[in-house]
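User: Please guide me through some parts of this protein model by question and answer.

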Amino acid sequence: MSYSDGTRVVHAGLPEPVVGEPFLPGPVFAAPYHLDPVNGPGENGYGRTEHPTRRALEAAIGQLEGAPTLVFASGQAAITGLLLSVLRAGDTVALPSDGYFTVRAFAEGTLRDLGVSSVQVPTAGPYPDFSGMRLVLLETPANPGLDVCDIRAVAAAAHAAGALVAVDNTTPTPLGQNPLALGADIVVASGTKALTGHSDVLLGYVSTADDALFAKVETWRKQTGAVPGGFDCWLAHRSIATLDLRLARQTENAAAIAAMLQGRPDVLAVRWPGLAKDPSYEVARAQMRRIPGVVSFDLGTADRVGRFLTAAALVFAATSFGGVHTTADRRAQWGDDTSPGFVRLSCGIEDTADLLADLTAALDQAT
């Protein structure tokens, strides 16, 4: 039977009901497990390679993404694990020039030292000829600029050239879009952000229906040990149950805030793919089931951003995004190739009217 998103996230990865047992079993705190004295390990042998709480979380995310899933200690651990398990000396990888800056830094450092070349491509295109490339990595909507690309079209072009396609699904989450159903070979994401949404877990994951790719990434994780702990896995699994509710309020808040910002002459370059005038609107509407709660805009100067964040009572100055609290940060301070006044605002789940009033007052004070 096919269920809607709210039902799917509440029941994702739960065991079959057992009388007297909890709905979601508590976290297992164990590294070694009992072995059979003769036959050795059962389902669990050692926590780095097998862990029941981690398996339950992987089952939950896998049900949402639509493919077997491996979780990692962070989003960066997941994406670097994917790159290092797939790419070899002499390979070329295409990366989003406007995506997460640490991935570009990793490519220009570690991957280059290993003999892997990288090509940077804007998310909105134009896209190069993919001939000779091993992997094309997309991030859509891109973080932090929020451009969107047509996954089906890019995947078709990349596959025609013999390249694999991975999509960073951090910003939309699997309730916003399912890249594997749109032609991608691999999904990679940071679960630190909206997926878990409470700003208390570092987590990443890789999902793929390709058995050979899955085995490569799993072997990499086993041999490098980039696994999350049992309590983090349990926290993440518990948090996923409210994903549908959280995203609904965050999207509602983003729509109202983006419209308010767009109407102010002292705010520049407002981006949210749900706005009818946004350059990514048509592609996003065709490809995504819902638009995430991240809005970007420009206040012109770093000083004005500082005054805005100081004046706002409901907006925490913090990096990361997708949490239940509204947060914002000036991206240039972290290394993103943005203007000094560029702001990434992550809408929380506060009441829309309260957020609008607070942001309006803070912008007025910052002018």
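User: In which sense do β5 and strand β6 pair?

Analyst: The model is predicted: local features need pLDDT of at least 70 and side-chain atom pairs count only at pLDDT 80 or more, while totals for chains, interfaces and linings use all residues. Residues are numbered from 1 along each chain as its sequence is written, and side-chain values use heavy atoms, with hydrogens and water left out. Strands (E, at least two residues) and helices (H or I, at least four) are DSSP runs numbered from the N terminus, and two strands pair if DSSP finds at least two bridges between them. Over 3 bridges, β5 and strand β6 (residues 186–190) pair in the sense called parallel.

User: Which residue of β6 is the bridge partner of Val 167?

Analyst: Val 167 points from β5 the other way from Leu 164, Ala 166 and Asp 168. Its bridge partner in β6 is Val 187.

User: How many residues of strand β5 are buried?

Analyst: Buried means under 20% relative accessible area, exposed over 50%, and partly exposed in between (1.4 Å probe, protein chains only). Strand β5 (residues 164–168) is mostly covered, and the number buried is 5 of 5.

User: Which residue of β5 is the bridge partner of Glu 139?

Analyst: Strand β4 (residues 135–139) pairs with β5 in the parallel sense over 5 bridges. In β5, the partner of Glu 139 is Asp 168.

User: What span does helix α8 reach from its first C-alpha to its last?

Analyst: Helix α8 (residues 243–262) has 20 residues. The expected span is 1.5 Å times one less than the number of residues. The helix is close to the expected 28 Å, since its own reach is 28 Å.
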